[in-house]
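Dear colleague,

Please find below the structure that I am handing over to you. A short account of the findings follows it.

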Amino acid sequence: QVLLVESGGGLVQAGGSLRLSCAASGSPISRYDMGWFRQAPGKEREFVAGISWNGRSVSSADSVKGRFTISKDNAKNTVYLQMNSLKPEDTADYYCAATQAMGVADGRRRYEYWGQGTQVTVSS
């Protein structure tokens with residue numbers, strides 16, 4: 001079992017950057033494939049990016065390719081989402097999630113553990 005807590009959200013102008021953090025406790029993140037999801041007001045939750053337990057495999061949605069980068073630091077037991085060139089359509093609540101390690105962290109996986117979310121607002 002693992003507890004996930006997101007942080008780093010806030011208000012930023014279009015074209016700016018934010019770095020989200022997902023701090024895990026109770027279990028090492030090396031036991032899990034990890035993902036970031038987001039949900040905008042009135043919209044369905046969507047997969048943003050994922051990273052495998054060993055960091056060898058990464059995945060991202062087409063809408064954020066070239067702008068967002070997922071990474072992790074096992075020593076800090078933390079997963080990150082670096083968001084650059086932010087657009088107003090990136091405005092959403094962002095969630096960190098974890099699932100049993102298989103070496104794949106894409107949107108097709110069923111994620112068992114979820115954080116509470118952190119809000120990102122991008123102004124035009």
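A disulfide is taken here to be a pair of cysteine sulfur atoms within 2.5 Å. By that criterion, a search of the whole structure finds one disulfide. The bond joins C22 to C96, with an S to S distance of 2.0 Å. C22 lies in strand β3 (residues 18-25) and C96 in strand β9 (residues 92-100), so the pair ties together parts that are 74 residues apart in sequence. The link of C22 and C96 is left-handed, with -75° about the S-S bond.

Please note that this is a predicted model, in which local features need pLDDT of at least 70 and side-chain atom pairs count only at pLDDT 80 or more, while totals for chains, interfaces and linings use all residues. Residues are numbered from 1 along each chain as its sequence is written, and side-chain values use heavy atoms, with hydrogens and water left out.

Both cysteines are buried (under 20% relative accessible area, with a 1.4 Å probe and protein chains only): C22 has 1% relative accessibility, and C96 has 0%. Of the 124 residues of the chain, 44% are buried.

As to the fold, the chain has eleven strands and zero helices; strands are DSSP runs of E of at least two residues, and helices are runs of H or I of at least four, numbered from the N terminus. Among contacts (heavy atoms within 4.5 Å) between residues at least 6 apart in sequence, 61% join residues at least 24 apart. The C-alpha atoms fill a box of roughly 40 × 25 × 25 Å, taken along the principal axes.

Yours sincerely

Note on methods. Buried < 20%, exposed > 50% of the residue type's maximum accessible area, 1.4 Å probe, protein only.
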